[in-house]
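Hi,

Here is the model I promised to pass on.

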Amino acid sequence: MEKKSFKVIVIGAGPSGMMAALRARARGKDVLLVEKNLSAGRKLLLTGNSRCNFTNIAGLDEFLPKIFSNGQFLRDAFKAFFNRDLTLFFEKRGLSAINEDGRIFPQTNSSSAVLKVLTDELDRLGVKTKFGKSLVKILTEASSIKGVVLSGGEEIACEKLILATGGITYPVTGSTGEGVKIAKQL
């Protein structure tokens with residue numbers, strides 16, 4: 001019988017979702033990563049003309065004003081894990097980086113190499129995955145997250161939920177903004 005309860009469920013298997021699942025699992029949490037596509041990282045494969053400029057060399061004070069109008073909101077998160085940390089994450093897993101005009105690319109010049117590092121790490125740490133399943137509803141009780149309902153009516157309980165569905169950017173890759181719509185229902 002398939003497990004129906006996890007400490008953490010992450011919705012969205014793009015780079016942010018994969019990194020969130022990896023971090024939660026590394027901290028000893030039982031994690032389920034859910035993706036509506038049949039595989040992880042579809043949009044990642046398109047970035048940087050399929051070369052994947054996964055970060056940059058800008059300092060935090062230079063970078064934050066450029067990302068969006070409320071970039072200061074992310075300051076504490078980036079203080080804990082920023083561009084050099086990300087570069088080291090990949091280098092420790094065998095993927096060297098190169099700097100081109102302040103943009104950091106994998107030495108391989110291939111976004112699929114970046115995706116492979118992330119998916120290999122998910123496997124290595126034992127993160128459970130469900131592909132081809134969409135988030136339909138977030139289950140709550142007394143203002144607390146209790147679980148999710150996935151496409152097909154499957155209910156899975158959790159203590160924590162991370163929505164990493166992204167915004168509306170490339171609908172063909174699954175970036176349709178439905179996570180924001182579901183979060184607004186809360």
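Below are my notes on cysteines, aromatic rings and charged pairs.

A word on the ground rules: this is a predicted model, so local features need pLDDT of at least 70 and side-chain atom pairs count only at pLDDT 80 or more, while totals for chains, interfaces and linings use all residues. Residues are numbered from 1 along each chain as its sequence is written, and side-chain values use heavy atoms, with hydrogens and water left out.

Cysteines first. Searching the whole structure turns up zero disulfides, a disulfide being a pair of cysteine sulfur atoms within 2.5 Å. For burial I use relative accessible area: under 20% is buried, over 50% exposed, and anything in between partly exposed (1.4 Å probe, protein chains only). Cys52 counts as buried at 2%, and Cys158 counts as buried at 6%.

Now the rings. Rings of Phe, Tyr and Trp (its six-membered ring) pair if their centres lie within 6.5 Å; planes under 30 degrees apart are stacked, over 60 edge-to-face, and the rest tilted. That rule gives five aromatic pairs. One of them is Phe63 with Phe78, edge-to-face at 5.6 Å centre to centre and 80 degrees between the planes. Phe63 sits in helix H3 (residues 60-67) and Phe78 in helix H4 (residues 75-80), so this pair ties together parts 15 residues apart in sequence. Helices (H or I, at least four residues) and strands (E, at least two) are DSSP runs, by the way, numbered from the N terminus. Phe63 is buried at 19% relative accessible area, whereas Phe78 is partly exposed at 23%.

Phe63 also pairs with Phe82: the ring centres are 5.5 Å apart and the planes at 65 degrees, so this pair is edge-to-face too. Phe82 lies in the loop between H4 and helix H5 (83-92), so its contact with Phe63 in H3 joins parts 19 residues apart in sequence. Phe63 and Phe82 are both buried. Elsewhere, Phe54, Phe89 and Phe90 make up one aromatic cluster.

There is a charge over a ring as well (NZ of Lys or CZ of Arg within 6 Å of the ring centre and within 35 degrees of the ring normal). Arg51 lies over the face of Phe105, 3.9 Å from the ring centre.

Which residues does the salt-bridge network link? It takes in Lys4, Lys130, Lys133 and Glu154. I call it a salt bridge when a side-chain nitrogen of Lys or Arg is within 4 Å of a carboxyl oxygen of Asp or Glu, and the count comes to ten. Lys4 and Glu154 meet at 2.8 Å, N to O. Lys4 is in the segment before strand E1 (5-11) and Glu154 in the loop between strand E8 (144-150) and strand E9 (155-163), so the bridge ties together parts 150 residues apart in sequence. Lys4 is partly exposed at 35%, but Glu154 is buried at 11%.

Glu154 also bridges to Lys133, with the closest N and O atoms 3.8 Å apart. Here the link runs from the E8-E9 loop to the loop between strand E6 (128-131) and strand E7 (135-141), 21 residues apart. Lys133 is partly exposed at 24%.

Finally, a local one: Arg124 and Glu121 form a salt bridge, with 2.7 Å between the closest N and O atoms. Both lie in helix H6 (residues 111-125), three residues apart, or about one turn of the helix. Arg124 is exposed at 58%, while Glu121 is buried at 6%.

Cheers
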